[in-house]
Amino acid sequence: MSIKLKQQASNVMATYNRFPITLTKGKGSYVWDEVDQSYLDYTSGIATCNLGHVPNMVKKAMQQQLDRLWHCSNLYTIPSQEALANELVQHTVFDQVFFCNSGAEANEAAIKLARRYAQTVKQSNQYEIVTFKQSFHGRTLATLAATAQEKIQTGFNPLMPGFRYLPYNDKDALTDLIRPETCAVMLELVQGEGGVISADPSWVQQLVQQCKENEVLVLIDEIQTGIGRTGPLFAYQDYGFEPDVVSVAKGLGSGFPIGAILAKDDVAQAFQAGSHGSTFGGNPLATTAGLATLQMITDSNFLQASTEKMSYFWSGLKQLEDKYRSIKLVKGKGFLIGIEVEEKAIDYVTKAREDYHLLLLVAGPHVLRILPPLTTTQAEIDTALTKLDSLFLSQSS
Ligand SMILES: Cc1ncc(COP(=O)(O)O)c(C=O)c1O
């Protein structure tokens with residue numbers, strides 16, 4: 001056996017450009033680094049820690065579950081999985097849930113369900129799924145083929161066939177929405193990774209109507225928009241239509257990995273024993289985290305309170321938009337916010353972290369992305385607005 005003498009700075013593959021701080025602790029809207037410097041975290045682990053860091057209710061539920069049972073195969077009924085599925089169904093238009101472990105896996109399941117529904121329930125040969133430019137649906141081979149962004153697809157040829165891309169928010173392009181081989185249309189209602197672009201409601205309405213008329217499924221990717229991020233529990237609930245399938249992940253587990261798709265009975269029947277599966281999907285720990293998270297978010301006043309905080313933050317951001325010429329546009333929905341800037345967005349992110357101890361993200365070269373936890377307080381929003389004011393002032397001088 002050979003002994004490795006080489007000491008590398010990191011043995012983790014370089015799939016991310018990492019920021020030069022290490023986060024060691026988190027509570028609520030704050031995180032701390034290795035030298036105990038605190039930061040106001042308005043990234044929520046990229047729309048994942050919607051209840052802030054280490055939320056007490058989820059922590060307690062997880063601690064109890066850690067003492068009982070960590071893993072159990074899906075060959076047995078898992079009570080927390082049943083309860084979480086029931087809770088998701090109670091708060092949506094859906095009937096059945098499939099659990100997995102991430103956003104990409106949820107979209108993968110949605111793609112499989114759409115094809116299988118077309119081919120086994122409808123008994124057609126339809127297979128094609130239409131998606132949109134600047135979309136982001138994940139990094140597996142099927143979901144990167146669904147993602148209409150060259151930078152995500154480069155180097156992974158041959159791409160999985162069966163996807164066609166249309167421009168987003170383009171009514172004229174809807175004339176070519178559905179072809180004989182089309183089984184589904186998949187979209188985000190706010191394109192998060194693609195630059196924080198909200199879907200125009202009248203475009204969505206026209207798209208959905210065409211799909212319904214042609215019995216083509218509407219799959220809504222709510223990986224980033226779901227679990228209260230844009231205001232309601234799911235973004236589709238503000239758009240006045242019923243999707244056939246919704247995919248969810250990120251915020252569902254408060255940071256514990258979990259993904260899911262929700263579907264109505266008619267569509268869900270396409271998955272039978274053996275047609276899809278996952279070893280870890282919906283395991284006791286993951287669904288305990290999901291159940292406690294969802295119970296807190298669906299608690300009587302929670303979403304009402306977070307929506308009020310969203311409006312408060314937006315009015316402050318709009319004032320900054322008026323004040324600074326370097327801000328071209330504040331866009332998005334709820335707490336999925338993009339600030340379009342003239343200069344490089346990453347320079348703002350760096351300065352915000354280094355000088356103001358405020359964590360932000362980018363969504364493309366000229367869009368800053370802000371994703372506060374839904375639990376953030378009005379006082380924290382004031383702090384964030386003051387920091388952003390100083391940030392834009394410093395960049396404009
Ligand atoms: C809209 C959307 N879909 C899918 C994904 C993929 O999720 P995951 O990274 O959990 O696979 C993401 C992740 O950013 C996303 O924002």
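**Reading the core, ligand shell and domains**

Visitor: In the largest nonpolar core, which residues touch the most other members?

Guide: Of its 79 residues, Phe132, Leu189, Leu207, Phe313, Leu360 and Leu388 touch the most other members. A nonpolar core is a set of buried Ala, Val, Leu, Ile, Met, Phe, Trp, Tyr and Cys residues joined through side-chain atoms within 4.5 Å. Buried means under 20% relative accessible area, exposed means over 50%, and partly exposed lies in between (1.4 Å probe, protein chains only).

Visitor: What should I know about the model before going on?

Guide: It is a predicted model: local features need pLDDT of at least 70, side-chain atom pairs count only at pLDDT 80 or more, and totals for chains, interfaces and linings use all residues. Residues are numbered from 1 along each chain as its sequence is written, and side-chain values use heavy atoms, leaving out hydrogens and water.

Visitor: How far apart are the C-alpha centres of domain 1 and domain 2, and how many residues are in contact?

Guide: The centres lie 27 Å apart. Across the boundary, 29 residues of domain 1 are in contact with 27 residues of domain 2.

Visitor: Now the ligand. How many residues surround it, and which are the closest?

Guide: A residue is near a molecule or strand if one of its heavy atoms lies within 4 Å of it. Here 13 residues surround the ligand, and Gly103, Ala104, Phe136, Asp221 and Gln224 are the closest.

Visitor: Which helix gives the most to the shell?

Guide: Helices (H or I, at least four residues) and strands (E, at least two) are DSSP runs, numbered from the N terminus. Helix 4 (residues 103-121) gives the most, with three residues.

Visitor: What do the backbone atoms do around the ligand?

Guide: Look for polar contacts. These are pairs of N or O atoms within 3.5 Å; within protein, one must be able to donate a hydrogen and the other to accept it, and residues adjacent in sequence count only if both atoms are side-chain atoms. A backbone N or O atom of Gly103 is 2.8 Å from a ligand oxygen. Ala104 also places a backbone N or O atom 2.8 Å from an oxygen atom of the ligand. At Phe136, a polar backbone atom is 3.2 Å from a ligand nitrogen. Taken alone, the ligand exposes 390 Å², and the protein buries 81% of that. Accessible areas come from the Shrake-Rupley method with a 1.4 Å probe; for residues, only the protein chains shown count as cover.

Visitor: Is Asn107 buried or exposed?

Guide: Compare its relative accessible area with the cut-offs. Asn107 has 0%, so it is buried. Asn107 lies in helix 4. Beyond residues up to four places away, it touches His137, Thr143, Met186, Asp221, Ile223 and Ser247.

Visitor: What is Val248 in contact with, and where is its place?

Guide: Val248 sits in strand 11. At 0% relative accessibility, Val248 counts as buried. Neighbours within four places aside, its contacts are Ala106, Glu222, Ile223, Ile227, Phe234, Gly259, Ala260 and Leu262. Sequence separation is a separate matter: Val248 and Ile223 are 25 residues apart along the chain, yet their C-alpha atoms are separated by 4.4 Å.

Visitor: Where does Thr230 lie, and why does Thr230 count as buried?

Guide: Thr230 is in the loop between strand 10 (217-221) and strand 11 (245-248). It counts as buried because its relative accessibility is 6%. With residues up to four places away left out, Thr230 touches Val190, Thr225, Ala235, Met310, Lys333, Gly334 and Leu336.

Visitor: Is Asp172 buried or exposed?

Guide: Exposed, at 64% relative accessible area. Asp172 lies in the loop between strand 6 (163-166) and strand 7 (182-187). Asp172 and Trp203 are 31 residues apart in sequence and 9.6 Å apart, C-alpha to C-alpha.

Visitor: And Gln205: where does it lie?

Guide: In helix 7 (residues 201-213). Gln205 is exposed, with a relative accessible area of 56%.

Terms used. Contact means heavy atoms within 4.5 Å. Domain bounds come from an automatic or database domain assignment.
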